Structures are given as structure tokens and as C-alpha cells.
Amino acid sequence: MKIAIVCYPTFGGSGVVATELGIGLSNRGHEVHFITYKQPVRLEYLSANIHFHEVSVPEYPLFHYQPYELALSTKLVNTIKKYDIDILHVHYAIPHAYAGYMAKQMLKEDGYHIKMMTTLHGTDITLVGSHNFYKGAVNFSINKSDCVTSVSNSLKIDTLRIFDIKNKIYVVPNFIDFDNLNDDVEDCQRHTMADDDEMIITHVSNLRPVKRISDVIKIFANILKHQKAKLIVIGDGPDRDKAVNVALELGVRNQVIFMGKSNDIEKILCFSDLFLLPSEKESFGLAALEAMAHSVPVISTNTGGLPEVNIQGKSGYLSNVGDVDDMAKNALKILSNPKTHQKFKDAAKARARDFDIKNIIKSYEELYKSMLVES
Ligand code: GMT
């Protein structure tokens, strides 16, 4: 099939999922066209089967906001026609489903009927999309999609609760490409980060308020009362300064390493002992799944789709949002004994294997095929 993928090309989870899916589809012989404003961060190479089409938005001083949706719709129409695309797959409803619908309508005028799948990722529904400023347009464009998927059952339930959705929502979870996982322990540079007697605790996110980065620091400070450790924070965002201040207030600043945005998360995960994800909301928690794939147990909240990924008492533990004492207690339970730690590490990896791309990608292919069969 010829598949056009629209996504955010940045470090966010939805862009990572869309990019890995496109690479996976191309490995299975499909022709994949990424259409977005920048080459996606995880798309390191282009090949005969993977193409990238940049959406440019010229600056014009009359506009307070440059009309990205118009540029995207136009680019979609031109690319779909030029490459005879079969399926348009948009990731993150805002504004991609809306621009995709406009492209569909424009193409219809020329007798070209493209099928559009919209994959809902989380904040497009629970945070941004539910806002009254956007809700009508998001609701409309989800209903106008030929197929709608969500990355967890929890997100599906949220979508049906928040919006008035007429079409079926298929749950297709996020995944890990184990064949391309860089899990080579010889690469591990643990000694560069921590002393031999220190545990390495990791958090990866965009440091937005929904991630509750202050809780990450508080949990870590509680752990430090009983266990020598370092905290590595990967990613950047609006709450970084707040996190630095909390670390200073709690007297743990010297034990926290802020690494900023990184394309080398695997290198950190390979020597991480524990992963913290105390989010307020999380439709799936791809960062937690990636940690588990590297045998890192997860301490998370029990919000949204996290219980569909992290299994209580096996791959890690789940607590109520904000209960930093419980999260620290659970972390120490895992770390206090090497045998227990190893048991959790093995279970985390085993659980992550349930999300192997080899199984998940087939669900997308089946849905694409069924869309093409419908007239
Ligand atoms: O977590 C974020 O803020 C980024 C956001 C995104 O859209 O890139 O992540 C969402 O999609 C990811 C991929 O499907 C999910 O793993 C995250 O749980 C989800 N984030 C939230 O629901 C807050």
C-alpha cells in the first residue's frame, strides 16, 4: 500500500509512534510518505520506501497566526495525487484530522477518494481537544474520519465521554520494535553517571505540568533517605525550572542530572534501575513502555492507560496521582533487594514484549485493508 503519515515531528510520543509505525510499514514493503513541517526526529534515514515531504508555511505579517492547516491541506492534496496514495493516516487529531478532512473534500472535487485514519493519542482529546475553543472542530473531524483508532482503552472511554462520536473507535496500542532495540549492554556507560553503590533512576518527558515533574523530584528525595541514587531527567519543557527549584529546596540538586532533549534515550535506559512516571494524565505512557523494553521497572500513577501497560506488582507499581510517599515506598520495595529487583526487571521486559510491533502493525494493516474494501 501507499500510505501518507501526518504527525508532529518532535520528541512527543505521538510523533515517535507515527515515525516508528512508518518505518515498520516500509520494512514490510509498503511505500510510506511522511508529510509534516520537519523531518521527524526518529526518522534517521530515507530510503526508496520512505519519503519525507516538508510543509512550509511562509510568514506573512498580516497574520497573527500563520495558517498551517491550509498549507498542510494543500500539501496533502498535491502529494496524494502525485504519488497515488491509498491511505492517509493522521496522528494526533489537532489539527491533522481537520486538515485531512479538508484535503479529502478537495480531492473529491477531482474525483479522487482517499481514505483517512485518525489515531487519537491523548492530549488531543483529554487536554487540548476538550477545550471549548477546539471541541466542535475536533468532534467534527473525528466523525468524518473513515477509521478512528485510540492508543488505549482508557483513551477510547475518555473520547466517548468527552465527545459525541458516531463512528467505532478501534484500540490499537503503542508498540516497541524489538528487532531494532539497542540493548547492547557492552555499550552501557553506567560509571559515567553514578558510583557503583548508587542506583540510577530515570524520568523521560516533555516536562509539561501534566507530567508532575515536582513529584518526580519529591519521590526521588524520599528514596534518597534510604538508598544512594542519582536521578537522570531527560527532556525539556516549561516545568524544568520548577523542578530545579524543588530539587534545591529538598537539598537533592547535586544528585539530579538534567540532560535535556536526547535522541540517545536507549543509552540511558540500558543502565537505569528504575523509571518514574507520576503523570496527572497519560493515555498510554510510551516512555514507560520504552523503559520496560530495556528491563527497567516502572513506578507510575494509575491514571488513564497506564494500568494497561504497567502491571501492579510485576513490571512495577501504580499509585494514586500525587501520592509521592506511596511511590517512594514502592520504589524502595523494588530496589532494596537484588533478587526482587531482577524479578521486576525480567517481568518488565516480558510485559513489554506483549507490545512487539510485529503483532501491533498487523492491526493497522488489517484496518487499512478494510478501509480500502469499503467503497
Ligand atoms: O505526553 C505528551 O505530552 C506527549 C503526547 C503526544 O501526543 O505526543 O503523548 C501522548 O501520546 C503518547 C503516544 O501515544 C502517549 O504514550 C502518551 O501517554 C500521551 N500523553 C498523554 O496522554 C499526556
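User: Before I set anything up, how is the chain split into domains?

Analyst: In this predicted model, the domain assignment gives domain 1, made of residues 2-175 + 356-373, and domain 2, which covers 179-353. The C-alpha centres of domain 1 and domain 2 lie 30 Å apart, and the contact takes 18 residues from domain 1 and 15 residues from domain 2.

User: Which helices supply the side of domain 1 that touches domain 2?

Analyst: On that side of domain 1, α1 and α6 (153-162) each supply at least two residues. By class, the residues of the side of domain 1 that touches domain 2 divide into eight nonpolar, nine polar and one charged.

User: OK, ligand next. How many residues surround it, and which are the closest?

Analyst: The ligand is surrounded by 19 residues, and the closest of them are Gly12, Gly13, Ser14, Gly122 and Leu286. Helix α1, which spans residues 13-27, gives the largest share of that shell, with three residues.

User: Where does the ligand lie relative to domain 1 and domain 2?

Analyst: The ligand lies between them, because domain 1 (2-175 + 356-373) and domain 2 (179-353) both give residues to the shell around it.

User: What does UniProt list for residues 194-350?

Analyst: An unreviewed UniProt entry lists residues 194-350 as "domain: Glycosyl transferase family". In the model, the chain over residues 194-350 is 38% helix and 18% strand, with its end C-alpha atoms 27 Å apart.

User: Switching to packing: how many residues are in the largest nonpolar core, and which have the most contacts inside it?

Analyst: The largest nonpolar core has 112 residues, and Ile217, Phe220, Leu274 and Ala288 are those with the most contacts inside it. Both domain 1 (2-175 + 356-373) and domain 2 (179-353) give residues to this core, so it lies between them. As background, nonpolar side chains in soluble globular proteins tend to be buried together.

User: What is Ile217 in contact with?

Analyst: Once its neighbours within four places in sequence are left aside, Ile217 is in contact with Ala243, Val246, Ala247, Leu250, Val252 and Val256.

User: What about the phi of Tyr92?

Analyst: Tyr92 has a positive phi of about 80°, although it is not a glycine. Tyr92 sits in the loop between β4 (87-91) and α3, and it counts as buried because 26 other C-beta atoms lie within 10 Å, where 20 or more is the cut-off.

User: And Leu207, which is also not a glycine: what is its phi, and is it buried or exposed?

Analyst: Leu207 has a positive phi of about 50° and lies in the loop between β8 (199-204) and α7 (213-224). Leu207 counts as buried, with 24 C-beta neighbours inside 10 Å.

User: Lys104 then: buried or exposed?

Analyst: Lys104, which lies in helix α3, is buried, with 22 other C-beta atoms within 10 Å. Leaving aside neighbours within four places in sequence, Lys104 is in contact with Ile114 and Met116. The C-alpha atoms of Lys104 and Met259, 155 residues apart along the chain, are separated by 42 Å.

User: Where is Phe163, and what does it touch?

Analyst: Phe163 has its place in the loop between α6 and β7 (169-171), and it is buried, with 20 other C-beta atoms within 10 Å. Not counting residues up to four places away in sequence, Phe163 touches Asn139 and Ile142.

User: Last one, where is Ala347, and what is it in contact with?

Analyst: Ala347 lies in helix α12, residues 338-353, and it is partly exposed, with 18 other C-beta atoms within 10 Å. Apart from its neighbours within four places in sequence, Ala347 is in contact with Lys314 and Ser315. Between the C-alpha atoms of Ala347 and His33, 314 residues apart along the chain, the separation is 37 Å.

Notes:
Residues are numbered from 1 along each chain as its sequence is written. This is a predicted model: local features need pLDDT of at least 70, side-chain atom pairs count only at pLDDT 80 or more; totals for chains, interfaces and linings use all residues. A residue is near a molecule or strand if its C-beta atom, placed from the backbone, lies within 6 Å of it. Helices (H or I, at least four residues) and strands (E, at least two) are DSSP runs, numbered from the N terminus. Domain bounds come from an automatic or database domain assignment. Two residues are in contact if their C-beta atoms, placed from the backbone, lie within 7 Å. Ala, Val, Leu, Ile, Met, Phe, Trp, Tyr, Cys and Pro count as nonpolar, Asp, Glu, Lys and Arg as charged, and the others, Gly among them, as polar. UniProt positions are given in the numbering used here, feature names are shortened, and annotations may be inferred rather than shown by experiment. A nonpolar core is a set of buried Ala, Val, Leu, Ile, Met, Phe, Trp, Tyr and Cys residues joined through C-beta atoms within 7 Å. A residue is buried if 20 or more other C-beta atoms lie within 10 Å of its own, exposed if 12 or fewer, and partly exposed in between; C-beta atoms are placed from the backbone.
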